Amino acid sequence: MIFTSGEKRASAAPDIPTASELGYPSLRILGWYVFFAPPKTPAALIDAWGNELRAVLKMPEIEKRMTEFGLDVETSTPQQVSQRIATDLKRWKEILDSIGYKAQ
């Protein structure tokens with residue numbers, strides 16, 4: 001059985017269903033790439049970088065290349081990234097705790 005672990009089908013492989021579609025919602029795992037800045041970076045600079053990055057990611061040639069790499073690009077705000085990281089860390093902690101994994 002082949003499936004993707006995302007919330008929706010990948011645009012690079014629209015015929016491949018998601019785990020949730022096949023009845024396995026607990027296998028939904030999302031990957032992400034994030035640009036981080038040093039602590040205390042001015043919010044105006046973060047916003048400017050975000051605006052530039054969003055503009056580049058919307059360029060047709062960039063969108064095409066990202067799709068060829070199997071990536072469906074979604075941008076977010078710093079607050080959304082913080083929430084996503086907190087949510088993912090909580091979920092992975094629960095998964096690791098459930099299998100008894102302990103860091104050494």
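Q: Which element gives the most to the lining of the largest pocket?
A: That is α3, with 10 residues. Helices here are DSSP runs (H or I, at least four residues), as strands are (E, at least two), numbered from the N terminus. This is a predicted model, so local features need pLDDT of at least 70 and side-chain atom pairs count only at pLDDT 80 or more, while totals for chains, interfaces and linings use all residues. Residues are numbered from 1 along each chain as its sequence is written, and side-chain values use heavy atoms, with hydrogens and water left out.

Q: How many residues line the largest pocket, and which lie nearest its centre?
A: The lining has 44 residues, and Trp32, Tyr33, Glu74, Ser76 and Arg84 lie nearest the centre. A pocket is an open set of points on a 1 Å grid over the protein atoms alone, where a 1.4 Å probe fits, with protein on both sides within 12 Å along at least five of seven lines; lining residues have an atom within 4 Å of a point.

Q: How much space lies in it?
A: About 1,700 Å³. The volume is the space filled by probe spheres set on the points, which are joined across faces, edges and corners.

Q: And how do the lining residues divide into nonpolar, polar and charged?
A: There are 20 nonpolar, 13 polar and 11 charged. Ala, Val, Leu, Ile, Met, Phe, Trp, Tyr, Cys and Pro count as nonpolar, Asp, Glu, Lys and Arg as charged, and the others, Gly among them, as polar.

Q: Back to Glu74. What does glutamate 74 form a salt bridge with?
A: Its partner is lysine 8, and the closest N and O atoms are 3.5 Å apart. Glutamate 74 sits in the loop between α2 (60–68) and α3, and lysine 8 in the segment before α1, so the pair ties together parts that are 66 residues apart in sequence. A salt bridge here means a side-chain nitrogen of Lys or Arg within 4 Å of a carboxyl oxygen of Asp or Glu.

Q: Why would such side chains pair?
A: Side chains of opposite charge can pair when their charged atoms come close.

Q: Is glutamate 74 buried or exposed?
A: Glutamate 74 counts as exposed, at 61% relative accessibility. Lysine 8 is exposed as well, at 52%. The cut-offs, with a 1.4 Å probe and protein chains only, are under 20% relative accessible area for buried, over 50% for exposed, and partly exposed in between.

Q: How many salt bridges does a search of the whole structure find?
A: Eight. One of them joins glutamate 68 and lysine 64, with the closest N and O atoms 2.7 Å apart. These two are four residues apart in helix α2, so about one helical turn separates them. Glutamate 68 is partly exposed at 45%, whereas lysine 64 is exposed at 53%.

Q: What about lysine 90 and glutamate 94?
A: Their side chains meet in a salt bridge at 3.6 Å, N to O. They are four residues apart in helix α3, and about one helical turn separates them. Salt bridges that share partners also join Lys64, Arg65 and Glu68 into one network.

Q: New topic. Which residues form a nonpolar patch on the surface?
A: Met1, Phe3, Leu22, Tyr24 and Leu27, with about 480 Å² of accessible area together. Patch residues have over 30% relative accessible area and no salt bridge; like charges are joined within 9 Å and nonpolar side chains (Val, Leu, Ile, Met, Phe, Trp, Tyr) within 5 Å. The areas come from the Shrake-Rupley method with a 1.4 Å probe, and for residues only the protein chains shown count as cover.

Q: Where is phenylalanine 3?
A: In the segment before α1. Phenylalanine 3 is partly exposed, at 31% relative accessibility. Tyrosine 24 is also placed in the segment before α1 and is partly exposed at 39%.

Q: Last one: what is phi of lysine 40?
A: Near 70°, a positive value in a residue other than glycine. Lysine 40 is found in the segment before α1 and is exposed, with a relative accessible area of 83%.
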